[in-house]
Amino acid sequence: MTNLTCRIQSFTEEMTISTQQIIAIAQLFNQEIANGLRGEKSSLKVLPAFLATPTGKEKGQFLALDFGGTNIRVLLMELQQDGQVRIHARRSKPLKDPEGTYDYIRNKVSGEDIFDFIASLIADVIQPDITYYLGHTFSFASRQTGINDAQLIQWEKEFNITGVEGRDINGLLVEALERRGINHVIPKVIINDTVGTLLAAAYGNSHVEIGSICGTGHNTAYLEKKAPLTGQPMIINLESGDFNQLQGTVYDKELDKNSERPGEQGLEKMVGGCYLGELFRLVLLGMINEGLFSMPYGFCEKLSTTVVSTKELSIILGDDYTQLLQIKNWLADKGMEETTLEERLAVKEVAERITQRSARLVAATYIGIITHIDPSLCRKFTIGIDGSLYEKLPGYPRHIKKALAEVLGDKSDLVTLKLTKDGSGMGAAIAVAIVVGA
Ligand code: BGC
């Protein structure tokens, strides 16, 4: 066996989450939910959303603002009941321009800059003589004191915008709208994207009790039958990306050390699209530096200075061409012109392992939530899931389903995973409709 094959074997062992480990993680996660609900120490924030699920009868036209981890979207939506939605206008822009003309994520921009940017997108969608009720999906951990009041606890997903943490988010939005002379857009609700996804999936299917994002970031919300605040059904945003009961590898530790917030968002750093490419890069770079690839001097300068996106990971995972042609080209682009098939297979294996681990950890948290809601698992569950990993990363949904089946056996048939595309934006409109009683 070659050194590279040996190394891949040991890496596979490090990254494997066995069925027993999934069961153990699910139990820990379940425990953390219970602790959080009781107000005891928990790595899950367990945040009340001040909303329950929709009836499906909500209707009307609303503005939805979706402030995600990658894009800002403004949608003028018409809810037509029972899961039917029409989009009348849409404006979407990345938070970071791929051409490099602006970057609202990492360049230490101010809160005012980003909200002015958002207000300009809203201005593109609205008419002057109509009053709009707006729902805001804000995809960062926020402490809510009411349905329209949320203070950002802290940025995640490597955001670095000054002057927003601890501030009232819709207050900042209103100020930006006023700076533009817009006073006929009235924010009515603010929700997390997992809450939005749950609402969107539940709009057409009353069995949905869980909403999750497997995208740039990761998090899940569920419907708690007896919420601590009211004793009534209420959606709870777990902020599960902060779950911190997992043992990481040396690569996870290195990634964490170099991140904006070391020691935080432990699960998200092993699972989220914001980090998988970086993890992959670190592993590969490590193996190259160990001299396991046929690189001159065992060093790949380009890989040590560029980021690897989840889009690139998707290409690598999806490469089933003879001789792994796409991986060959990708490596050549990184300056590794001459690679052997064994090396290309190793690259694919690294991507596979990182992806599988992510999906299996997510599955473990789903089991933790399901067993919290229904310990004997008698009911049917549908989990609404949105996000680029779930939608686009080859094999991701399959890995989650497989993990669920390993642990739940035949009962895994009771659990349906439902891709809820654009769920976070749609959920904002549904939330407004619930609040204004439309
Ligand atoms: C945020 C969550 C969000 C998730 C998915 C995480 O970084 O903390 O609030 O739901 O990303 O976007």
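Author: Contact means heavy atoms within 4.5 Å. Helices are DSSP runs of H or I with at least four residues, strands are runs of E with at least two, and both are numbered from the N terminus. This is a predicted model, in which local features need pLDDT of at least 70 and side-chain atom pairs pLDDT 80 or more, while totals for chains, interfaces and linings use all residues. Residues are numbered from 1 along each chain as its sequence is written, and side-chain values use heavy atoms, without hydrogens and water.

Reader: Which residues of H2 meet H12?
Author: On the H2 side they include Ile22, Phe29 and Ile33, and on the H12 side Leu361, Ala364 and Ile367. By class, that contact has ten nonpolar, six polar and one charged residues. Nonpolar covers Ala, Val, Leu, Ile, Met, Phe, Trp, Tyr, Cys and Pro; charged covers Asp, Glu, Lys and Arg; the others, Gly among them, count as polar.

Reader: Why is H2 called oblique to H12?
Author: H2 (residues 19-37) and H12 (residues 341-373) pack at an angle of about 50°, with axes 7 Å apart. Angles under 35 degrees are roughly parallel, over 145 roughly antiparallel, 65 to 115 roughly perpendicular, and the rest oblique. The angle therefore makes H2 oblique to H12. Axes are lines fitted to C-alpha atoms, for helices over the stretch in contact, and angles run from 0 to 180 degrees between N-to-C directions.

Reader: What makes H12 oblique to H14?
Author: The axes of H12 and H14 (residues 396-408) come within 8 Å and cross at roughly 50°, so H12 is oblique to H14 as well. Residues of H12 in this contact include Glu352, Tyr366 and Ile367, and they meet a set in H14 that includes Tyr396, Lys402 and Leu408. The classes here are eleven nonpolar, four polar and four charged.

Reader: Which classes of residue make up the contact of H3 with H4?
Author: Phe115 and Ile118 are among the H3 residues, Leu172 and Arg179 among those of H4. The contact has nine nonpolar, no polar and three charged residues.
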